[in-house]
Amino acid sequence: MRAASLTRRDVLTTSAAAAALGLLPERFAAGADGLAIQPFRISVPEEQLLDLRRRIAATRWPDRETVNDRSQGVQLAEFQKLVRYWGTDYDWRNAEAKLNALPQFVTNIDGVDIHFIHVRSKHPNALALIVTHGWPGSVIEQLKIIGPLTDPTAHGGSAEDAFDVVIPSLPGYGFSGRPTATGWDPDRIARAWAELMQRLGYTRYVAQGGDWGTPISSAMARQAAAGLLGIHINLPATVPPEVAAALGGGPVPAGLSEKERAVLDALMTSGKNGNLAYFTMMTARPQTVGYGATDSPAGLAAWVLVHPGFAQWTYGADPGKSPTKDDVLDNITLYWLTSTATSSARLYWENGARGSVIVAAAQKTSEISLPVAITVFPEDVYRPPETWARRAYRNLIYFH
């Protein structure tokens with residue numbers, strides 16, 4: 001709904017719903033047309049944390065896998081160590097304090113409460129930036145970038161590099177509301193993000209996203225959201241039609257370069273190894289996935305760690321390497337405390353008709369005319385060649 005139509009009753013309802021999660025309203029903040037944006041402070045009741053520890057202690061463990069690698073899933077010995085640490089020494093209050101040190105807000109958009117972090121730079125003329133997370137992520141995984149983006153001079157940059165940063169929780173994730181009806185796909189979330197930036201008064205801004213943040217940021221660009229200047233994405237939708245056909249069982253296209261063939265082979269191998277089994281299951285039956293992940297902390301953690309992004313994670317063996325043990329548990333604990341294992345999985349089901357998030361045609365990249373920047377990181381699950389990126393995005397201005 002528009003800010004103008006958000007009534008005080010709506011705000012009070014939002015407050016009551018948030019109170020159930022331990023979110024305490026500090027004051028009302030006026031949007032452009034009234035009481036549309038409400039600051040929040042997180043204070044999870046101690047009983048919820050004690051219940052989490054009781055459930056962890058009561059975990060019913062399976063027998064050990066019959067292989068010496070991760071081909072059957074999360075391996076028992078290392079996983080048990082992590083979960084037992086979670087139930088004894090891990091402290092959620094540290095994560096809570098990090099979040100509460102930042103300005104957090106909730107606003108109702110299109111009938112769903114949207115939680116977001118909003119940090120303004122001290123530098124004048126800072127450009128606004130909206131950053132979108134994915135699954136199994138949350139706003140927590142973005143906390144380390146806020147300082148360098150909002151205060152670049154303290155991190156070796158210049159004032160011209162400064163951003164005002166907006167980091168929303170996806171609908172059905174974290175402290176955002178859980179949609180009670182269908183239709184919350186990436187396109188609809190993109191429209192909600194455009195409304196959020198308008199509600200915050202930004203007339204010029206850029207968007208960044210990885211994982212689900214890519215189709216959402218891309219949809220904002222495709223929809224030509226008012227004030228959006230361009231997007232920066234990782235995990236881009238660059239797979240061309242003939243390669244997508246090969247991944248579906250068709251012939252390998254002729255004329256691929258050595259690098260392109262290597263990427264195709266890597267995608268095929270990943271599929272054969274079942275690395276996207278989680279994606280298939282959440283796209284097909286998110287409700288079924290949610291029962292175990294909502295009832296059992298160990299079940300939730302194992303489901304999160306099946307994501308291929310954790311394939312090389314050493315369970316925090318090196319505390320100086322990101323993500324640390326606490327980084328990962330902060331994120332998993334947020335899913336647990338907000339009971340969003342099921343609602344977050346439904347985004348895969350909502351996107352099901354669209355198709356793969358890395359296929360250019362499925363994500364309609366040809367319809368994007370705004371400037372696009374892409375970064376491919378060394379440990380990304382999908383590392384597209386620049387040739388595919390330039391075919392997919394006609395206004396690609398940066399690739400690294």
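## Salt bridges

The model is predicted: local features require pLDDT of at least 70 and side-chain atom pairs pLDDT 80 or more, whereas totals for chains, interfaces and linings use all residues. Residues are numbered from 1 along each chain as its sequence is written, and side-chain values use heavy atoms, with hydrogens and water left out.

Arg55 forms a salt bridge with Asp51, with 2.9 Å between the closest N and O atoms; the term denotes a side-chain nitrogen of Lys or Arg within 4 Å of a carboxyl oxygen of Asp or Glu. Both residues belong to helix H2 (residues 46–57) and are four residues apart, about one turn of the helix. Helices (H or I, at least four residues) and strands (E, at least two) are DSSP runs numbered from the N terminus. Asp51 is partly exposed, at 24% relative accessibility. A network of salt bridges links Asp51 and Arg55 with Glu47, Arg54 and Asp295. The structure holds 17 salt bridges.

In helix H9 (residues 258–272), Asp265 and Arg261 are likewise placed four residues apart, about one turn of the helix. These two residues form a salt bridge whose closest N and O atoms are 2.9 Å apart. Asp265 is partly exposed at a relative accessible area of 31%, and Arg261 is partly exposed at 37%. A further salt bridge joins Arg188 to Asp110, the closest N and O atoms being 2.7 Å apart. This pair links distant parts of the chain, 78 residues apart: Arg188 is in helix H6, and Asp110 is in the loop between strand E4 (104–109) and strand E5 (112–119). Asp110 is partly exposed, with a relative accessible area of 37%.

## Overall architecture

The secondary structure of the protein chain comprises 15 helices and eleven strands. Its radius of gyration is 21 Å, close to the 21 Å that the globule rule gives for 400 residues, so the chain is as compact as a globular protein of that length. The radius is taken over C-alpha atoms, and the rule is 2.2 Å times the number of residues to the power 0.38. The C-alpha trace spans about 60 × 55 × 45 Å along its principal axes.

Of the 400 residues, 52% are buried. The accessible surface comes to about 18500 Å², with 53% belonging to carbon and sulfur atoms; areas come from the Shrake-Rupley method with a 1.4 Å probe, and for residues only the protein chains shown count as cover. Contacts (heavy atoms within 4.5 Å) between residues at least 6 apart in sequence join residues at least 24 apart in 70% of cases.

Helix H7 (residues 213–222) is mostly covered, ten of its ten residues being buried. The elements covering its buried residues include strand E6 (127–132), helix H6 (186–199), strand E8 (205–209) and strand E9 (228–233). Ala224, which follows H7, has a positive phi near 50°.

The largest nonpolar core has 110 residues, among which Trp92 and Tyr205 touch the most other members. Such a core is a set of buried Ala, Val, Leu, Ile, Met, Phe, Trp, Tyr and Cys residues joined through side-chain atoms within 4.5 Å. Leaving aside neighbours within four places in sequence, Tyr205 has contacts that include Leu127, Ile130, Met197, Met220 and Leu229.

## Surroundings of Thr375

Thr375 lies in the loop between strand E10 (372–374) and helix H15 (386–392). Its relative accessible area is 12%, so Thr375 is buried. The side chains of Thr375 and His232 are joined by a polar contact of 2.7 Å. A polar contact is a pair of N or O atoms within 3.5 Å; within protein, one must be able to donate a hydrogen and the other to accept it, and residues adjacent in sequence count only if both atoms are side-chain atoms. Not counting residues up to four places away in sequence, Thr375 also touches residues including Ile233, Asn234, Asp380, Tyr398 and His400.

## Backbone features

Two peptide bonds to proline may be noted. The bond from Trp135 to Pro136 is cis, with omega near 5°, and Pro136 is in the loop between E6 and helix H5 (143–150). A cis peptide bond also joins Ser322 and Pro323, with omega about 0°; Pro323 is in the loop between helix H12 (297–305) and helix H13 (325–338).

Asp211, a residue other than glycine, has a positive phi near 55°. It is found in the loop between E8 and H7.

Key: Buried < 20%, exposed > 50% of the residue type's maximum accessible area, 1.4 Å probe, protein only.
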